[in-house]
Amino acid sequence: METQNVLQNDTLWNRLQNFSLDQHGASFPFSKKLAKEEKWTIEFTIKAIQEYKKFIYLCCVLPEGASPSETVDKVWHMHLLYTKIYWDVFCPQILRRKLHHHPSQGGISEHRRHKKLLQGTLDAYKRVFQQEPPADIWSASKGFQFSNRKFGVSIRLISLLLFLLILSSCADNSDALQEIIFIALPLIFFFSVIFRNRNGDNDRHNNGGDSSFGGSCSGGSSCHSGCGSCGGCGGCGGCGGD
């Protein structure tokens, strides 16, 4: 069953469907900018925008809130950059409430929390829209794994140097090599930690780390969305219905 038919009498859904993220007459509209920034085809971009609207709808109607996939979150981030349209038109006229974007604290616990919220969102998606969420849009975020993979490269380099150290201890005239390795090991470890911390800071910045993305929904209910190094958002909830 088509989503439009399922929710044809829902006023919030109809307002979302009638709202275009592309400004009329713009030479470089939202969809083209998003496609260029993310290196998506225009067809995939249009599909991602439609799924973004579904996510926003779930944010507003589910008591427990919703959490976006990595792809949906990228659409949301781009939309937030259009501050005047987002805050002066989209929120007050289409949603009729504020919908803020909060960063998470990052780390493994937030990653697990995000996975749990995302699974709840996928279950609600099936229930509300009576269809499976498209896998190419709602696949699990890989940002968290990507960040840790970078750190894992440094660990493998350290392991390789340790192996060379063991070999050098069995060789003759290896004092110079041992000295080099003993100096290199702490340096590699030091820079790997610095790199990991910097990467985490960049993730928080790229995922809406500005504290100005804070606030609450209409009616006094909080509506939080947290993005951490997992590359997806912790969720938004408590917005109530239309």
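The model is a predicted one. A search of the whole structure finds 7 salt bridges, whereas the corresponding search for disulfides finds 0. Helices H2 and H6 pack against each other with their axes 9 Å apart.

**Salt bridges**

- Within helix H3, which spans residues 30–38, Lys33 and Glu37 are 4 residues apart, about one turn of the helix, and they form a salt bridge in which the closest N and O atoms are 3.9 Å apart.
- A salt bridge of 3.0 Å, N to O, joins the side chains of Asp136 and Lys47; because Asp136 lies in helix H8 (residues 135–138) and Lys47 in helix H4 (residues 42–61), the pair ties together parts that are 89 residues apart in sequence.
- Asp136 is partly exposed, with a relative accessible area of 37%, and Lys47 counts as partly exposed at 33% relative accessibility.

**Packing of helices H2 and H6**

- Helix H2 (residues 11–18) packs with helix H6 (residues 83–95) at an angle of about 145°, and the axes of the two helices are 9 Å apart.
- On the H2 side the contact is made by Leu12, Arg15 and Leu16, while H6 contributes Phe90, Gln93, Ile94 and Leu95.
- By residue class, the contact of H2 with H6 divides into 5 nonpolar residues, 1 polar and 1 charged.

**Cysteines**

- The search of the whole structure finds 0 disulfides, and Cys91 is accordingly in no disulfide, the nearest cysteine sulfur, that of Cys60, being 8.4 Å away.
- Cys60 counts as buried because its relative accessibility is 0%, under the 20% cut-off.
- Cys91 likewise counts as buried, since its relative accessibility of 2% is under 20%.

Key: Residues numbered from 1 in each chain as written. Predicted model: local features only at pLDDT ≥ 70, side-chain atom pairs only at ≥ 80, totals over all residues. Heavy atoms only, no water. Disulfide = S-S within 2.5 Å. Buried < 20%, exposed > 50% of the residue type's maximum accessible area, 1.4 Å probe, protein only. Axes fitted to C-alpha atoms, helices over the stretch in contact; angles between N-to-C directions. Contact = heavy atoms within 4.5 Å. Nonpolar A, V, L, I, M, F, W, Y, C, P; charged D, E, K, R; others polar. Salt bridge = Lys/Arg side-chain N within 4 Å of Asp/Glu carboxyl O.
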